[in-house]
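The structure comes before them.

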Amino acid sequence: MTIQDVIDKILAYHPAIDNPQTCDGVKCGDPSQPVTAVAVSCAPTYEVVKKAAALGCNLLVCHEPTFYSHADTTGWLEGDPVYQEKMRVINESGLVIFRDHDHLHAHDPDGIYFGVMKELGWEPYRADSGRRPMFYTLPETTVGALAAFLKEKLEMRSVRVIGKPDGKVTKAAYIGGGNLSFDDANTKMMMGETEVMIAGELIDWTVMSYVRDAAAMGRQKTIIQLGHFNSEELGMKYAACWLPPLIPGVKVHWIRAGEPYRYL
């Protein structure tokens with residue numbers, strides 16, 4: 001089985017998407033070579049690339065960009081020492097990097113959001129329907145206890161919280177990745193019954209400012225902010241569950257990208 005065969009099976013597993021500008025595809029390497037083992041990770045960082053090579057993998061399936069822009073263009077990086085070193089490691093290891101972003105989100109159910117739900121064990125608490133699980137009615141807990149649970153699951157050192165950590169919550173929204181505008185999820189958080197939003201990225205002057213004001217008024221509105229990669233990492237961890245049956249006999253390794261920030 002070649003690396004291209006593995007990629008073809010992944011694309012056949014997902015629904016087709018009509019997007020000529022998709023960011024998905026092979027970002028580097030020769031997919032015609034026989035596959036040795038596959039690594040799956042949310043972000044193909046320099047450290048993840050090295051770990052994949054050390055595990056004997058020659059295919060890395062990732063969700064986020066390899067080369068610091070959504071389209072993974074590299075012309076602007078020519079001569080850059082960080083890019084050169086990363087490419088050196090990739091080339092010397094014979095690694096192929098395949099990005100599975102648009103197809104994974106287009107899956108029914110959404111591969112990232114469904115994977116997060118499965119990894120958190122929240123299937124019994126789902127409070128919505130449709131392709132993308134986002135809203136949950138949880139057993140009553142506090143914001144602080146919920147934050148501690150997420151820190152443990154994601155192996156994070158800390159999370160950012162807006163609102164009262166001792167506030168009791170049951171109505172939760174999980175909005176992974178980039179949540180940057182006044183979309184439906186923000187509206188439901190601001191105007192609806194949702195008490196806590198577990199978020200990836202936020203713009204401070206949108207829903208964050210609303211929740212800050214609401215909390216100052218004594219209302220039970222809270223945000224637990226994880227960061228973009230952290231909020232989607234469990235979705236890619238779950239990819240290491242659905243991928244092996246597609247490629248029997250090929251070893252699949254999950255590699256955690258991990259917390260990118262240090263808190264001083």
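Axes are lines fitted to C-alpha atoms, for helices over the stretch in contact, and angles run from 0 to 180 degrees between N-to-C directions. Helices (H or I, at least four residues) are DSSP runs numbered from the N terminus. This is a predicted model, in which local features need pLDDT of at least 70 and side-chain atom pairs count only at pLDDT 80 or more, while totals for chains, interfaces and linings use all residues. Residues are numbered from 1 along each chain as its sequence is written, and side-chain values use heavy atoms, without hydrogens and water.

Q: How are α5 and α9 oriented to each other?
A: Helix α5 covers residues 111-120 and helix α9 residues 228-242; their axes are 7 Å apart, at an angle of about 85 degrees. Angles of 65 to 115 degrees count as roughly perpendicular. The two helices, α5 and α9, are therefore roughly perpendicular.

Q: Which residues of α9 make the contact with α5?
A: Contact means heavy atoms within 4.5 Å. From α5 come G111, I112, F114, G115, V116, K118, E119 and L120. On α9 the residues are S231, E232, L234, G235, M236, K237, Y238 and C241.

Q: How many of the 10 residues of α5 are buried?
A: Buried means under 20% relative accessible area (1.4 Å probe, protein chains only). The buried residues of α5 include I112, V116 and L120. α5 is mostly covered, and its buried residues number eight.

Q: Which residue caps the N-terminal end of α5?
A: A side-chain oxygen lies 2.9 Å from the backbone nitrogen of I112. That oxygen belongs to the capping residue, D110.

Terms used:
Angles under 35 degrees count as roughly parallel, over 145 as roughly antiparallel, 65 to 115 as roughly perpendicular and the rest as oblique. Buried means under 20% relative accessible area, exposed over 50%, partly exposed in between (1.4 Å probe, protein chains only). A polar contact is a pair of N or O atoms within 3.5 Å; within protein, one must be able to donate a hydrogen and the other to accept it, and residues adjacent in sequence count only if both atoms are side-chain atoms.
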